[in-house]
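Please look over the sequence and the 3D structure below before reading on.

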Amino acid sequence: MANNNWTLADIERKGLKVVDQVKPPNSGELKKQKYGNKKTNGFDSKHEYECFKRLELRQKAGEITALSTQVVFHLQDCKYIADFVYLDLKTKLWVIADAKGMKTAMYRLKKKMMLSILGIEIVEM
């Protein structure tokens, strides 16, 4: 079973940047999406946007804080970009979450690498 009991200090000890954001979502890019999803308000899909809105409501309600999008984790020869990272105020633990529709082979591989290399389990929304 994965250890999801990560604190900010644990993540920093691993040499990771918790809020190393890639560019913010950009609604100006018009590119045909690979899996038929439609960009929505700058997010890659309607599902990802809806997940963000739910997390935003949880943040406003004081359940979570430090909500960040598109956070980079470096894994050996590649990187994993998490859709969302936030601190759960009830558990005091960081959550790495991904709005998943299509689970590609590359995603499944990176998910396993996150667990085996960093001991971080990705929460799928």
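Two strands pair if DSSP finds at least two bridges between them, where strands (E, at least two residues) and helices (H or I, at least four residues) are DSSP runs numbered from the N terminus. This is a predicted model, in which local features need pLDDT of at least 70 and side-chain atom pairs count only at pLDDT 80 or more, while totals for chains, interfaces and linings use all residues. Residues are numbered from 1 along each chain as its sequence is written, and side-chain values use heavy atoms, with hydrogens and water left out.

**Overall fold**
- The protein chain contains three helices and four strands, and along the sequence these follow the pattern α-α-β-β-β-α-β.
- Of the 125 residues in the protein chain, 35% are buried, meaning under 20% relative accessible area with a 1.4 Å probe, protein chains only.

**Strands β1 and β2**
- Strand β1 (residues 64–75) and β2 run antiparallel and are joined by nine bridges, with F73 standing opposite Y80 in β2.
- Their hairpin has two residues between the strands, and Q76 takes a positive phi near 40° there.
- Strand β2 (residues 78–88) is largely enclosed by the rest of the structure, because eight of its eleven residues are buried.

**Strands β2 and β3**
- Five bridges connect β2 with strand β3 (residues 93–98) in an antiparallel arrangement, and Y86 stands opposite V95 in β3.
- The hairpin that β2 and β3 form has four residues between them, and K92 in the turn has a positive phi of about 65°.

Methods:
Buried means under 20% relative accessible area, exposed over 50%, partly exposed in between (1.4 Å probe, protein chains only).
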